[in-house]
Amino acid sequence: RALRLRQNEWDLANPELAAEHAALMRETDAIQRMESEKALALAEKGRAKANLRAMAGDRVADALATSTETPALAAARAWWPSTSWCLALIGDLGVGKSVGAGWIALQALEAGKTARWLDARDAAVSPIFGTEGSARAHRCREVDLLVVDDLGAGAPSEAWKAWVEAILGYRHAREFRTVVTSNANAEKFKALVGGRTVHRIR
């Protein structure tokens with residue numbers, strides 16, 4: 001308390017220096033806050049990248065870290081700030097569709113949103129009925145961003161196609177953001193997701 005009184009007396013005796021000191025302290029505080037915010041942002045980005053790797057796998061994460069601009073990546077960059085509910089990246093192998101989808105997933109994670117990566121090849125042979133299937137469907141329906149990667153790979157059953165179409169229809173009705181990648185041509189893609197859903201997709 002005595003030290004504070006002496007400080008107040010000094011401030012009164014040296015108003016210009018006191019004002020300069022106060023301004024310097026405010027500037028120091030602002031810099032410290034900015035540095036803390038930068039450190040927090042870097043930590044969040046690190047967590048987002050780790051989550052993407054766990055979700056999409058090393059192949060997508062590594063390719064995204066070293067990728068060059070491709071039409072698929074350009075389409076992803078254009079779609080992300082838009083209000084469109086769904087982006088379909090369709091094309092031949094090796095054109096960067098999964099990398100484009102990974103870039104979008106990373107933006108969602110860095111923004112603090114939930115994301116789910118559904119590898120269609122693996123999911124097509126996973127349970128779609130019962131408790132496990134219902135839980136998976138619920139997660140796919142409600143997540144902020146859903147990526148359905150490699151739709152049409154393997155030999156998907158009619159039940160699996162109907163399962164995917166139902167999820168896409170649910171997400172379309174609520175305009176939940178969704179990305180679909182596929183090597184299928186336009187005709188096969190339409191057969192996979194249904195004509196109604198195709199018309200709803202950008």
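Visitor: Which residues of helix α9 are buried?
Guide: Buried means under 20% relative accessible area, and exposed over 50%, with a 1.4 Å probe and protein chains only. Helices here are DSSP runs of H or I with at least four residues, and strands are E runs of at least two, numbered from the N terminus. This is a predicted model, where local features need pLDDT of at least 70 and side-chain atom pairs count only at pLDDT 80 or more, while totals for chains, interfaces and linings use all residues. In α9, which spans residues 186-193, the buried ones are Phe189, Leu192 and Val193.

Visitor: Why are they on the same side of α9?
Guide: The arc is taken from the directions from the helix axis to the C-beta atoms. They sit on the same side of α9 because they cover an arc of only 75°.

Visitor: Is Ser182 buried or exposed?
Guide: Ser182 belongs to strand β4, residues 177-182. Its relative accessible area is 0%, so Ser182 is buried.

Visitor: What does Ser182 contact, leaving aside its neighbours within four places in sequence?
Guide: Contact means heavy atoms within 4.5 Å, and residues are numbered from 1 along each chain as its sequence is written, with hydrogens and water left out of side-chain values. Ser182 is in contact with Leu89, Ile90, Gly91, Lys97, Leu151, Phe189 and Leu192.
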